[in-house]
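Subject: Handover of a structure and findings

Dear colleague,

Please find the structure below, followed by an account of what was found in it. I would be grateful if you could read the two side by side.

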Amino acid sequence: MAAPHKAPTTPALLHSKQSANPKDKEEMSMRHYSDDLVTGHIYAKHRDDDTTKIDLSNYISVIESIITTADRITDTVHRGSEGRLVYSNDSLASGVVIEPPLCTLHCISSELSCKPTGIEKAHETTLEIFEILVNYPWEAKAALTLLAFATDYGDLWHLYHYSQADPLAKSLAIIKRVATLKKHLDSLRYREVFLNPRSLIQSCLQAIKYMDEIREFSKYDVKELPELPSALRQIPLITYWVIHTIVASRIELSTYLSETENQSQRYLSELFEKIALVLTVLEKHLEAIREQHEEVNLYRWLIDHIEHYHTDITLVIPKLLSGKPETKPLIDGTTHREVSVHESLAGKNVILIISGLDISEDDIRAFHKIYEDLKRDNKHEIVWIPIIPEPYHEEDRKRYDYLRSTMKWYSVQFTTKISGMRYIEEKWQLRDDPLVVVLNPQSKVEFMNAIHLIRVWESEAIPFTFNRTEVLLRKNWPESTLIKFAHQPRLQNWIAREKYILFYGGKNPLWIQQFEERVEILKSDPLVMDGSSFEIVRIGKDATGEDDPALMARFWIIQWGYFVVKSQIKGSSASETTEDILRLISYQTEDGWVVLTVGSAPVLVGRGSLISKLLEEFPKWKQNLRLKAFPDVFRDYFNELALKSHQCDRVVLPGFSGWIPMIVNCPECPRFMETGINFKCCHGGVDV
């Protein structure tokens with residue numbers, strides 16, 4: 001709090017407005033005490049100083065005990081039963097020890113006593129008390145002021161209580177004119193200042209409790225409790241208004257004892273409004289801080305019980321969803337009834353599908369295939385965790401209901417706010433794309449993120465372990481990423497015979513047309529026909545032979561999926577396979593591209609422009625077909641052309657969830673590719 005104070009965003013209680021009428025002097029002076037003016041007075045001389053510390057919690061206990069006991073005495077007096085109180089340990093600060101600074105308390109009591117009414121004197125007295133308590137933290141200033149008040153107030157009613165039986169107490173009570181307070185107990189004004197649960201004094205005590213709680217949180221890293229700095233910045237101003245309210249309450253008490261004119265009702269009403277506003281501000285800050293603190297504790301718990309001390313899945317899932325040992329029941333997609341987490345998941349491997357409501361139909365279809373195969377072994381369960389930002393809208397509800405109606409597995413209920421979002425985002429790295437995490441019955445992560453396994457290999461990827469993934473990666477990558485997108489009935493026969501195959505595609509229909517025309521020229525050449533024949537297979541057409549943009553979108557997602565899985569298991573620059581896939585991905589926006597294979601074994605991945613040049617210059621290299629096989633000659637001449645040309649490769653990684661490679665070798669040269677950061681904002685609107 002040594003930093004300059006910023007005026008709070010909450011509206012100031014009093015506003016400056018000049019008046020020429022002398023009768024308006026009191027009202028005019030009250031309107032001058034805005035929050036900006038007050039903070040100016042405070043920071044002119046004061047900063048947060050903890051040179052002299054107190055055990056604030058113990059002081060609060062003692063203050064509360066004094067005020068509570070005094071209120072019980074006044075209650076018995078008000079009801080006309082002035083017998084001796086029967087005390088209970090619940091109402092007393094039993095066992096609490098404080099060592100108050102007596103001289104300081106006497107000074108505060110002196111400042112509080114016998115002051116004239118009005119906000120000007122209350123403001124002046126408040127600043128004097130700030131001077132007395134200059135070496136104390138802000139909230140300690142408020143607590144010591146309230147303790148000084150409580151000591152005087154409690155002493156008055158203590159003397160009255162014992163004055164019936166104790167001559168000394170009776171004499172002291174007479175001197176302090178305690179009896180005059182009795183006739184004010186019926187007044188609403190007295191009760192609103194001193195007795196009601198929301199009285200000025202009780203509100204000041206509550207504000208101090210809140211400030212103490214906020215200060216307790218200050219031992220945490222502000223990065224984990226981002227609301228904390230904002231709350232701490234409010235404390236000096238709140239301390240002023242708490243002390244000011246205590247001063248005004250003590251002045252009001254003095255008017256009862258001296259039987260002089262009370263303070264203006266308008267002033268007290270504005271104090272009621274101000275202290276209520278203070279409590280509202282503190283409560284909002286604390287609500288946010290407590291929520292953030294619970295999030296921190298849950299985050300640490302999940303780290304411990306998922307990553308270190310593997311814990312039963314039926315304990316971890318509820319904590320992940322709701323932050324508690326129990327959570328709302330899941331919805332069974334086959335029976336549509338609610339079932340408990342324990343009933344549905346106990347002893348099972350659990351596949352968590354974590355996604356927004358924009359999950360694709362392609363992904364849902366893939367999950368259905370997985371679900372049908374997993375049903376046979378009864379060892380796995382799938383749970384969909386929808387991430388739905390608040391506030392919820394009717395369209396969100398409709399979309400959720402539709403998606404859930406298409407799923408046979410378990411779903412988390414619509415209104416479930418996912419408590420473990422920080423863990424999901426930071427540890428499991430949820431981003432825009434769906435995240436699929438595979439957990440064993442003891443909550444150990446078996447694979448993350450399995451969405452890529454499912455997209456590339458579907459049911460072949462079961463049981464989604466690293467060992468199974470390594471087996472799948474031993475296949476030639478075109479088997480996993482190219483062949484399924486080719487609608488060529490003879491393709492499997494060509495692969496089995498290890499024929500030379502040119503898979504091709506691209507965004508430019510003209511390039512596609514020219515490629516096909518030039519290929520026909522090659523295929524009709526005697527040198528090619530004599531032992532070097534090859535086949536071409538178009539990628540991007542549906543079963544009817546029409547271009548299919550949706551098919552190509554899925555094609556590129558699968559290329560990315562294979563690359564991410566391969567990089568995760570083997571390293572992003574560990575093999576020629578990884579480079580081939582990345583090279584193909586880098587051609588996504590090119591006019592055209594070609595993948596040459598022998599059977600399913602890859603030989604070459606080429607950019608469309610170089611392939612076109614290679615085909616144009618066929619007469620220059622066709623004689624080599626007498627000495628070498630077609631794939632070798634094709635590759636050698638392509639590499640010659642590639643050495644003569646230079647074109648930067650650029651790949652933009654989609655917003656996949658889970659692990660992604662951060663260091664990638666260029667597929668065309670031995671250098672690492674530069675890593676950049678893209679920033680994007682749609683200003684709250686729709687991305688167009």
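Pro 463 is placed in the loop between H18 and helix H19 (466–473); helices (H or I, at least four residues) and strands (E, at least two) are DSSP runs, numbered from the N terminus. This is a predicted model, in which local features need pLDDT of at least 70 and side-chain atom pairs count only at pLDDT 80 or more, while totals for chains, interfaces and linings use all residues. Residues are numbered from 1 along each chain as its sequence is written, and side-chain values use heavy atoms, with hydrogens and water left out.

The bond that leads from Ile 462 into Pro 463 is a cis peptide, with omega near 15°. Phe 464, in the loop between H18 and H19, has a positive phi of about 60° although it is not a glycine. Phe 464 is buried, its relative accessible area being 0%; buried means under 20% relative accessible area, exposed over 50%, and partly exposed in between (1.4 Å probe, protein chains only).

A cis peptide bond also links Met 448 to Asn 449, with omega of about 15°. Asn 449 belongs to the loop between E7 and helix H18 (451–457).

Asn 378, which is not a glycine, likewise has a positive phi of about 60°. Its loop runs between helix H15 (361–374) and strand E4 (380–386). With 52% relative accessibility, Asn 378 counts as exposed.

**The seven-stranded sheet**

In what order do the seven strands of the open sheet lie? The order is E2-E1-E5-E4-E3-E6-E7, and the pairing is mixed. At the edges are strand E2 (338–339) and strand E7 (445–448), each of which pairs on one side only. Two strands count as paired if DSSP finds at least two bridges between them. Strand E1 (residues 330–332) and strand E5 (residues 410–411) run antiparallel and are joined by two bridges. Asp 332 has Tyr 410 in E5 as its bridge partner.

Helix H28 (residues 630–644) contains 15 residues. From its first C-alpha to its last, H28 reaches 22 Å, close to the 21 Å expected at 1.5 Å a residue; the expected span is 1.5 Å times one less than the number of residues. The buried residues of H28 are Phe 630, Pro 631, Val 633, Phe 634, Tyr 637, Phe 638 and Leu 641. They lie on the same side of H28, because they cover an arc of only 165° around the axis, the arc being that of the directions from the helix axis to the C-beta atoms. Among the elements that cover these buried residues are strand E8 (500–505), strand E9 (534–538) and helix H26 (608–616).

Thr 245 is part of helix H11 (residues 228–258) and is buried, at 1% relative accessible area. Leaving aside residues up to four places away in sequence, Thr 245 touches Leu 200, Cys 204, Leu 271 and Ile 275; contact means heavy atoms within 4.5 Å.

**Cysteines**

How many disulfides does a search of the whole structure find? The search finds zero, a disulfide being a pair of cysteine sulfur atoms within 2.5 Å. For Cys 107, the closest cysteine sulfur is that of Cys 103, which at 6.9 Å is too far for a bond. Cys 107 is partly exposed, with a relative accessible area of 40%, whereas Cys 114 counts as exposed at 70% relative accessibility.

Yours sincerely
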